[in-house]
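Subject: Structure handover

Hello,

Here is the structure I said I would pass on. My notes on it follow below.

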Amino acid sequence: MKKLIFTLLSIMSCTAAFAAVPAEPVLLDTTRTGNNFYLNEYSKDAESGMISVVIRCVLSESEIQRLSALMVKQDIPADQAAGVKYNDFCLRYSNDGARYQRRYDRYADVNGAIIRRLRVNPDDWFDTTNPAALLPAKALAEASRLLDQPDPLPKSALELTPVEPADANSPQSSSPKKAEKVDAMIEAYRANVARFEAQYENALTQVQGRMGDMGVSGDLYTVLLQSEKEGGESILCYFDADDRGDLAKCSKGDLLIIEGAYRRTKVRNAVFALDRCSVIKNITAGGK
């Protein structure tokens with residue numbers, strides 16, 4: 001009961017104060033698969049001076065198909081999962097704009113009915129100036145403009161920090177990401193599972209590791225992405241049948257960068273799983 005009350009209070013902190021909706025849609029970003037991110041609501045707390053925003057992701061048809069299939073695997077009724085249309089998430093920024101909190105993150109249908117709430121810890125803070133946080137930085141800039149006040153972040157925060165070309169080849173996202181090592185991801189997972197899930201569930205991330213055994217699970221292909229260290233642990237990666245061609249070009253032991261979204265499920269022979277995976281680069285082969 002306490003947990004439910006705490007969650008409701010967190011949601012109210014992002015909804016009760018909202019009285020401002022952009023007169024015209026404010027597009028923040030578009031992914032390669034056609035997902036469009038908009039600034040949906042914004043406000044400034046009169047007492048604390050903290051700015052909050054609600055970002056709405058209008059899902060593309062291809063993403064709806066992928067996401068609804070994933071939701072069914074996570075025990076969401078198929079008819080509800082098929083109706084998913086939006087991903088709404090609320091961010092609240094520190095007064096200097098350098099950090100933000102995720103107040104809620106949820107999927108809804110076209111009528112706004114909530115299909116699934118993702119687990120978040122509203123007390124956790126994230127760095128707005130991190131290159132991976134380009135979307136939160138853009139949302140803060142637009143909210144500040146609409147509130148007729150200076151953007152607290154320097155302009156450089158809205159510029160992508162150069163990264164290796166391999167990290168920017170994402171077929172699913174328009175923003176370059178820095179690939180994490182398998183060991184670093186597993187260490188973060190073991191250190192705090194709840195925080196890891198709040199940060200990575202259904203969020204695309206890129207991971208670098210060695211290709212291990214390949215298998216089949218239903219209509220999906222699986223690959224163990226192993227640590228680069230001898231005797232290290234692994235992450236299980238799920239691929240759609242359409243990605244079979246890219247996997248066929250890879251061999252066991254190749255050093256790969258794989259992009260996928262954390263999937264909350266029980267797995268054997270691995271610490272956790274990534275879904276909707278794509279091979280971003282085969283480093284061993286010198287290309288994708």
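The protein has 7 helices and 13 strands; helices (H or I, at least four residues) and strands (E, at least two) are DSSP runs, numbered from the N terminus. This is a predicted model, in which local features need pLDDT of at least 70 and side-chain atom pairs count only at pLDDT 80 or more, while totals for chains, interfaces and linings use all residues. Residues are numbered from 1 along each chain as its sequence is written, and side-chain values use heavy atoms, with hydrogens and water left out.

Confidence

The average pLDDT (the predictor's confidence in each residue, from 0 to 100) is 81 for the protein, and 82% of the residues score at least 70. Helix α1 (residues 2-15) has the lowest confidence, with a mean of 47, whereas β3 has the highest, at 94. Over residues 1-12 the pLDDT stays under 50, and the model gives this stretch 8 contacts beyond four places in sequence; contact means heavy atoms within 4.5 Å. Residues 171-176 are also below 50, with 27 contacts in the model beyond near neighbours in sequence.

Overall packing

Of the 288 residues in the protein, 47% are buried (under 20% relative accessible area; exposed is over 50% and partly exposed in between, with a 1.4 Å probe and protein chains only). Among contacts with a separation of 6 or more, 61% are between residues 24 or more positions apart.

The cores

The largest nonpolar core has 31 residues, and those touching the most other members are L28, V53, I55, M71, V84 and Y93. A nonpolar core here is a set of buried Ala, Val, Leu, Ile, Met, Phe, Trp, Tyr and Cys residues joined through side-chain atoms within 4.5 Å. Two or more residues each come from β1 (26-30), β2 (36-44), β3 (51-58), α2 (61-73), β4 (84-93), β5 (99-109) and α4 (134-146). Helix α4 contributes the most, with 5 residues. Apart from this core lies another, of 23 residues, including Y189, C237, V271 and L274.

Y93 has contacts, beyond four places in sequence, with M50, I51, V53, R99, Y100, W125, T128, P136, A139 and L140.

I64 is in helix α2 and is buried, at 9% relative accessible area. K85 is 21 residues from I64 along the chain, and their C-alpha atoms are separated by 6.9 Å.

Around β9

Strand β9 (204-217) is paired with several others; two strands pair if DSSP finds at least two bridges between them. Strand β8 (residues 180-181) runs parallel to β9, joined by 2 bridges, and K181 stands opposite Q208. β12 runs antiparallel to β9 with 7 bridges, V207 being partnered with I258. Strand β10 (residues 220-226) is also antiparallel to β9, with 6 bridges, and G215 is partnered with T222. β9 and β10 form a hairpin with 2 residues between them, where G218 in the turn has a positive phi of about 65 degrees.

Helix α6 (residues 193-200) has F196, E197, A198 and Y200 as its buried residues. They pack against β5, α5 (182-191), β9 and β12 (255-263).

Cysteines

How many disulfides does the structure hold? There are 0, a disulfide being a pair of cysteine sulfur atoms within 2.5 Å. The sulfur of C277 has its closest cysteine sulfur in C237, at 4.3 Å, which is too far for a bond. C277 is buried at 0% relative accessibility, and C250 is buried at 9%.

Regards
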